[in-house]
Amino acid sequence: MAGWGWLTIRAIRVRLSTGIGCNAAVGLALSTTIGGLLNVFHIITPAVVRTYLLGGFLLAAFVAVTQAGWLCSSVMSSWTYFRPRKLIAFGALLLLALALVKYATAVSPGQFHPQDDYHAYLVFPVKMIQTGSLGPDPFSERRIVSSLGGKAFLDTFPLSLTGEVRNLHLMDAGVAFIILLLLLAEIMMRRNIPGHWMVLTLLAAALFAAPVSNITALYSGVVLLVLLFDFLDRTATQASIAQAGLMAIVLASLASLKSTFALAGGVFFLTYFIIQLRQLPFSGKTVARAGLCAILTVLCLLPWMLDSYTESGTLFYPFLGKGFHGSRYGTYLLPTARMGMRNILAFLHGIANTLCAVLAIEAVLVLLRRRWNDQDWLIEIAIVLNAVIGVLIVGIGTAGLQVYRYSFAVTFSAVLFLLIKGLRVLKPGSPFNSYGSAAAVLLLGLLLGTGCDAFMTEQQEWRLAALKFSLTGENIVSASEVSAYRNMQDSIPPGQKVLVRLDNNFLLDFRRNLIYINDLPGGASLPPGIPIFKGSEALADYLVHHGIRYLAYSYGDEATFSRARFSDRLKPYVNVWIRVGAQIAFDFQDNVVSLGRTRKRLFDNGRMFALDLAAKVPPTGYDHGTRQ
């Protein structure tokens with residue numbers, strides 16, 4: 001990542017000093033744009049991905065050789081600095097150990113989200129590596145809603161090297177986490193933050209628990225947002241076309257990684273150029289740079305957007321159309337449907353946490369600090385607005401559902417950057433200095449205390465087990481499961497379309513059949529929408545009409561979405577999006593079980609079956625696949 005980022009910054013001719021953290025962040029952003037191009041041409045193969053990774057490594061090695069003298073000097077000066085400062089050295093070693101533990105547990109944690117990951121997110125990079133692109137998947141709700149595909153391409157990096165899906169937490173929870181620490185360290189060194197504050201801040205960033213639920217982007221978003229905030233801080237009063245180009249690459253990457261990140265990117269774009277309009281002369285040129293940045297951002301995103309339109313019916317959900325999303329047909333309700341007091345209370349509950357409290361205090365401090373440094377104040381208030389508007393938009397879009405998790409990237413990045421700004425060396429003699437310093441210490445203590453408590457809880461609950469699993473080299477699926485999926489798919493003629501609702505979709509061979517993943521029944525489907533609450537025969541007719549003759553279902557555990565475990569979602573106080581989604585899922589699964597009695601079973605191992613929907617048989621009285 002650092003190699004490609006170094007080349008990108010120099011190719012665009014951005015006149016900014018950068019280190020390994022900034023270079024790696026830019027390389028991360030560039031990679032998603034490269035992925036979009038490779039996806040359009042259907043050439044995402046293990047060989048191509050490995051070649052790309054090797055290119056970045058060779059570029060980084062070249063930089064290291066050309067700067068060998070500076071690197072040796074830096075090592076010696078670091079030794080000179082830490083040797084008499086044993087307490088700071090101990091803190092640095094503690095930080096290194098902590099980072100290694102978190103990275104190691106991201107390599108192969110042994111656990112993934114049973115629906116999000118096993119049904120969809122693990123599938124996307126596997127499909128890319130097998131077929132060269134994401135390909136058509138009109139029944140995948142997560143494909144439409146979550147990401148244009150940038151994160152899936154990043155996940156092909158470890159997959160192309162190891163061939164194991166057990167490593168697919170690595171790029172975000174491991175690599176992006178390390179890039180974040182390097183980027184924060186680089187920013188603080190550039191701002192001459194004292195060593196003890198630097199170590200404590202990095203410890204706070206490393207300890208603080210991210211709300212990781214699945215393998216979608218989280219730390220990657222934090223990295224790119226911190227990079228953008230640093231970019232704002234350094235270039236708000238500079239007029240440069242090159243900077244607009246670099247910003248476009250980062251903004252496009254944000255949007256391709258996760259749909260919720262696109263909102264944060266849009267808010268940043270507006271605040272950045274509003275500040276430039278205020279601070280720089282020749283407003284017409286500023287508007288022209290903003291237009292150029294917007295055009296370049298769209299161009300970087302265009303390959304992903306065209307693929308989304310072709311395969312999912314929308315250039316960018318939900319901003320540029322709903323595509324094949326279930327809400328288009330009026331059957332699959334959005335979180336915002338039937339909003340009421342419960343949604344407001346859910347939103348308030350979502351922002352009642354340490355991170356939002358720290359952000360609120362930082363916002364107050366920014367407002368109080370206005371008269372001391374007007375230009376700096378504009379930058380800080382812009383960062384606050386980015387976080388606040390981001391949280392509000394996410395809260396409205398999700399109707400208060402899991403606001404903390406969906407807005408974590410923008411909140412955490414803003415908190416960290418404002419904290420670093422608060423640790424700057426202030427002019428002596430100002431009455432605000434003592435207050436500001438005390439506030440910075442308090443906020444840092446809050447982050448450290450909360451993070452330490454969460455990290456120790458994680459250690460007990462899953463990190464130690466994840467580390468043991470990673471060291472043993474075990475897989476997340478057994479050889480018998482792999483064999484069962486191969487046998488099941490062999491029972492279906494090659495080249496035929498198959499709709500699947502299985503517990504381990506990533507085990508399928510996407511080269512052999514055109515496989516549609518029904519990850520959230522009713523959440524996405526081809527027009528006029530998959531039949532809901534109309535019985536099994538209507539479902540069969542609909543699928544056959546669309547050329548989908550074969551259907552596979554893991555009835556043994558109800559595709560990990562059983563009534564026994566998820567019936568609570570049907571209660572009236574549950575968010576309507578969750579409740580209706582569960583009703584549709586249960587209805588679909590019941591219909592498939594009914595079809596299992598009236599259609600020919602090509603395969604049945606007591607846990608999953610494959611059906612030929614065009615081959616009707618007399619009711620057989622099957623017990624397998626019948627809900628008890």
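**A guided look**

Guide: Let's start in a loop: Q402 sits between α18 (374–397) and α19 (403–422). Keep in mind that this is a predicted model.

Visitor: OK, on to helices. How are two packed helices described?

Guide: You give the angle between the two axes and the distance between those axes. Take α12 (219–235) and α13 (241–257): their axes come within 10 Å and cross at roughly 155 degrees. An angle over 145 counts as roughly antiparallel, so that is how α12 runs relative to α13. Their crossing is left-handed.

Visitor: Which residues of α12 and α13 make that contact?

Guide: From α12 you have S220, G221, L224, L225, L227, L228, F231 and T235. From α13 come Q243, L246, M247, V250, L251, S253, L254 and L257. Sorted by class, the contact of α12 with α13 has 11 nonpolar residues, five polar and no charged.

Visitor: And α12 with α19: at what angle do they pack?

Guide: About 40 degrees, with the axes 8 Å apart. α12 and α19 are therefore oblique to each other. This crossing is right-handed.

Visitor: Which residues of α12 and α19 meet?

Guide: On the α12 side they are G221, V222, L225, V226, F229, D230 and D233. On the α19 side they are F408, A409, V410, F412, S413, A414, F417 and K421. The contact of α12 with α19 includes 10 nonpolar residues, two polar and three charged.

Visitor: Let me try another pair. How do helix α5 and helix α10 pack?

Guide: α5 (residues 86–107) and α10 (residues 170–190) have axes 7 Å apart, at an angle of about 160 degrees. That makes α5 roughly antiparallel to α10. The crossing of α5 and α10 is left-handed. A99, K102, Y103, A106 and V107 of α5 touch L170, A173, G174, V175, F177, I178 and L181 of α10. There, the classes are 10 nonpolar, one polar and one charged.

Visitor: Which residues lie nearest the centre of the largest cavity?

Guide: Y121, F124, S147, K151 and A152, out of 16 lining residues. The elements giving two or more residues to that lining are α8 (141–145) and α9 (150–162). The largest share, three residues, comes from α9.

Visitor: How does the lining of the largest cavity divide into nonpolar, polar and charged?

Guide: Eight nonpolar, four polar and four charged.

Visitor: What about the bond from P527 to P528: cis or trans?

Guide: Cis again, with omega near 5 degrees for P527 to P528. P528 is in the loop between β2 (514–517) and α22 (536–545).

Key: Residues are numbered from 1 along each chain as its sequence is written. This is a predicted model: local features need pLDDT of at least 70, side-chain atom pairs count only at pLDDT 80 or more; totals for chains, interfaces and linings use all residues. Side-chain values use heavy atoms; hydrogens and water are left out. Axes are lines fitted to C-alpha atoms, for helices over the stretch in contact, and angles run from 0 to 180 degrees between N-to-C directions. Helices (H or I, at least four residues) and strands (E, at least two) are DSSP runs, numbered from the N terminus. Angles under 35 degrees count as roughly parallel, over 145 as roughly antiparallel, 65 to 115 as roughly perpendicular and the rest as oblique. A crossing is left-handed if the near helix is turned anticlockwise from the far one by less than a right angle, and right-handed if clockwise. Contact means heavy atoms within 4.5 Å. Ala, Val, Leu, Ile, Met, Phe, Trp, Tyr, Cys and Pro count as nonpolar, Asp, Glu, Lys and Arg as charged, and the others, Gly among them, as polar. On a 1 Å grid over the protein atoms alone, a cavity is a set of points where a 1.4 Å probe fits but cannot get out, and a pocket is an open set with protein on both sides within 12 Å along at least five of seven lines; lining residues have an atom within 4 Å of a point.
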